[in-house]
Amino acid sequence: MYLSETIARKMICDIGKKMYSKNFVSANDGNITIRIADNVLLVTPTGISKGDLTESMLIKVDLDGRIIEGDYKPTSELSMHLQVYKENDAIQSTCHAHCPHLTALAVAGIELDVPTSAAASGLVGRIPVAPYQCPGSKELANSIIPYVKDYNIVNLGNHGPLSWGTDPMGAWYIMESAESACELAFNIKKYLDGKVRPLTIKQTEELFAFHHVKRSSAAWLTCPNTTDNQEPAVSFSSYFDIKLGIDNA
Ligand SMILES: [Zn+2]
């Protein structure tokens, strides 16, 4: 079951505006596709800011990248999006951006595996990093193949994230959640000396089962068997040794 072309065109423009307004892309970076039939996608054009997209700018292509309809030229990064659909029939949307926290990890070659908040851990899972390949190249499209079936997203090395989803908004939600999971991890490292009371394997299994999240073993986070998240919370003032000027004597 696919979205109507009219709704899909509007949805791509809406996602583009969100992407641009959240600083997930600059200049004309980023690209979005939605599948509207077995062998038909809508894709964003090259050279246009995602904040300025209009519905008539989108191009209709087949799964081999041949243009079916449209006045603009498709993104030069179309081949990696096509590869996602070729590898997994269930996918209905893909999304690529250069979100600041995800791209920092892509540049450093660090995959995110920390089981932090339920929201950050529940939707996205582990965020792997693919080896660098030149943007737009066949090699880049091939580099994502090992990740498409087992993960929800891959962080392209020295480049940025590519996400996918089995419903039309799915890829965008994964992208947004993944960036917020990375930002949370950076904040934990920056402000809290990396202190985490992680989710355990059991808690994570319960979370996925409750929300019907399918998760391959590859996409699991690094969950311990035990945790201290049932212990009483520490007060902010004592953890950071903040003097409140109150004489408790
Ligand atoms: Zn890119």
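Val154 touches Pro128, Ala130, Ile144, Tyr147 and Leu162, leaving aside residues up to four places away in sequence. Touching means that C-beta atoms, placed from the backbone, lie within 7 Å. This is a predicted model: local features need pLDDT of at least 70, side-chain atom pairs count only at pLDDT 80 or more, and totals for chains, interfaces and linings use all residues. Residues are numbered from 1 along each chain as its sequence is written.

Val154 also belongs to the largest nonpolar core, which has 55 residues. Such a core is a set of buried Ala, Val, Leu, Ile, Met, Phe, Trp, Tyr and Cys residues joined through C-beta atoms within 7 Å. Buried means 20 or more other C-beta atoms within 10 Å of a residue's own; exposed means 12 or fewer, and partly exposed lies in between. Ile12, Leu42, Ile153, Val154, Met175 and Ala178 have the most contacts inside the core. Helix α7 (residues 170-191) supplies its largest share, eight residues. Helices (H or I, at least four residues) and strands (E, at least two) are DSSP runs, numbered from the N terminus.

Now turn to strand β5 (residues 93-96). Ser93 and Cys95 are buried on one side, Thr94 and His96 on the other. In a regular strand, side chains alternate between the two faces of the sheet. β5 runs antiparallel to β1 (residues 31-37), with four bridges; strands pair if DSSP finds at least two bridges. Ile32 bridges to Cys95. Four bridges also join β5 to antiparallel β8 (residues 160-165). There, His96 partners Leu162.

Arg126 sits in the loop between α4 (118-124) and β6 (129-130). Arg126 counts as buried because it has 21 C-beta neighbours inside 10 Å. Its contacts include Glu111, Asp113 and Trp220.

Notes:
Two residues are in contact if their C-beta atoms, placed from the backbone, lie within 7 Å.
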